[in-house]
Amino acid sequence: DIGPKYFREFFPPVIEKNFGKWLYHDIIEPGVLVHVAESGEEIYTVRVGAARLISVEHIREICEIADKYCDGYLRFTTRNNVEFLVSDKAKVKPLVDDLKSRKFDGGSYKFPVGGTGSGITNIVHTQGWAHCHTPAIDASGVVKAVMDGLFDHFGSMDMPAPVRVSLACCLNMCGAVHCSDIAILGIHRKPPMIDGEWIDKLCELPLAIAACPTAAI
């Protein structure tokens, strides 16, 4: 394992050319930003919300959109948003219109535009039952229910200040709830029951046990 490739290899040309030479950025409308360099060159960012656990088909659709409008350039934020990086101003509105037109069969937006400025951005959360072996609660269902209630604030900037909401499934708090404005935290009400027959056969626990010289885990 030699680690990831050098991050600057993935920059759009305008970002590579103006790296470290940006003058300012503005939020043009909810979900749309522009960064202006000392040279006068601009790059536009269109931010959309996404789930933390997404299908291969959804990823392929994201890539298809990026190929069409952004020369293939996009980034995922730490709060599970997707940002399309657009060098051509003329492509910004068609991109936004395209994103807003794409919906799931149930009618909800596949790519809701927003999450910037004084509003609600995407909820960051832990893995829950999908992978982790210590959660007191699951993440996805709670996050979906909460975000449904806050969704109108995602596509607008009508709050007094930016608001960050996070969820952690247990007291390990790897969901960054300790540094968010609103924290949702799952706790164990009583010690979990241990099934001795299976404890050393599942998830990362066998590796942890094997790493201890006295097997005292």
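Visitor: Where does phenylalanine 19 lie in the chain?

Guide: In this predicted model, phenylalanine 19 is found in the loop between helix H1 (13–17) and strand E1 (22–29).

Visitor: Why is phenylalanine 19 called partly exposed?

Guide: Its relative accessibility is 38%. Buried means under 20% and exposed means over 50%, with partly exposed in between. The value for phenylalanine 19 is 38%, so this residue counts as partly exposed.

Visitor: What makes Tyr6, Phe7 and Phe19 a patch?

Guide: Tyr6, Phe7 and Phe19 form a nonpolar patch on the surface, and together they have about 330 Å² of accessible area. Residues of a patch need over 30% relative accessible area and no salt bridge, and nonpolar side chains are joined within 5 Å. Phenylalanine 19, at 38% relative accessibility, counts as partly exposed.

Visitor: How do you know that lysine 17 and glutamate 41 form a salt bridge?

Guide: The closest N and O atoms of lysine 17 and glutamate 41 are 3.6 Å apart. The rule asks for a side-chain nitrogen of Lys or Arg within 4 Å of a carboxyl oxygen of Asp or Glu, and therefore the pair at 3.6 Å is called a salt bridge. The pair links distant parts of the chain: lysine 17 belongs to helix H1, while glutamate 41 is in the loop between strand E2 (32–37) and strand E3 (42–49), 24 residues apart.

Visitor: Why is lysine 17 called exposed?

Guide: Exposed means over 50% relative accessible area. Lysine 17 has 57% relative accessibility, so it counts as exposed.

Visitor: What makes glutamate 83 and arginine 47 a salt bridge?

Guide: Their closest N and O atoms are 2.7 Å apart, and the cut-off is within 4 Å. This pair also links distant parts of the chain, with glutamate 83 in strand E5 (residues 81–86) and arginine 47 in strand E3, 36 residues apart.

Visitor: Why do glutamate 83 and arginine 47 count as buried?

Guide: Buried means under 20% relative accessible area. Glutamate 83 has 5% relative accessibility and so counts as buried; arginine 47, at 16%, counts as buried as well.

Visitor: Which side chain meets glutamate 61 in a salt bridge?

Guide: Glutamate 61 meets arginine 102 at 2.9 Å, N to O. The pair links distant parts of the chain: glutamate 61 is in helix H2 (residues 56–69), and arginine 102 is in the loop between helix H3 (92–101) and strand E6 (124–125), 41 residues apart. Both glutamate 61 and arginine 102 are buried. They belong to a network of salt bridges that links Glu61, Glu64, Asp98, Arg102 and Lys110.

Visitor: How many salt bridges are counted?

Guide: The count comes to 11 salt bridges. Side chains of opposite charge can pair when their charged atoms come close.

Visitor: What lines the largest pocket?

Guide: The largest pocket is lined by 24 residues, and Ala50, Ala51, Lys144, Met147 and Asp148 lie nearest its centre. About 670 Å³ of space lies in this pocket. Helix H4 (residues 140–154) gives the most to the lining, with 7 residues. By class, the lining has 12 nonpolar, 8 polar and 4 charged residues.

Visitor: How many helices and strands does the protein have?

Guide: The secondary structure comes to 5 helices and 8 strands. Of the 217 residues of the protein, 35% count as buried.

Key: Residues numbered from 1 in each chain as written. Predicted model: local features only at pLDDT ≥ 70, side-chain atom pairs only at ≥ 80, totals over all residues. Heavy atoms only, no water. Patch = residues over 30% accessible without salt bridge, like charges linked within 9 Å, V, L, I, M, F, W, Y side chains within 5 Å. Areas by Shrake-Rupley, 256 points an atom, 1.4 Å probe, with all protein chains shown as cover. Helix = DSSP H or I, 4+ residues; strand = E, 2+ residues; numbered from the N terminus. Buried < 20%, exposed > 50% of the residue type's maximum accessible area, 1.4 Å probe, protein only. 1 Å grid on protein atoms, 1.4 Å probe; cavity = no way out; pocket = protein on both sides within 12 Å on 5 of 7 lines; lining within 4 Å. Points joined across faces, edges and corners; volume = space filled by probe spheres on them. Nonpolar A, V, L, I, M, F, W, Y, C, P; charged D, E, K, R; others polar.
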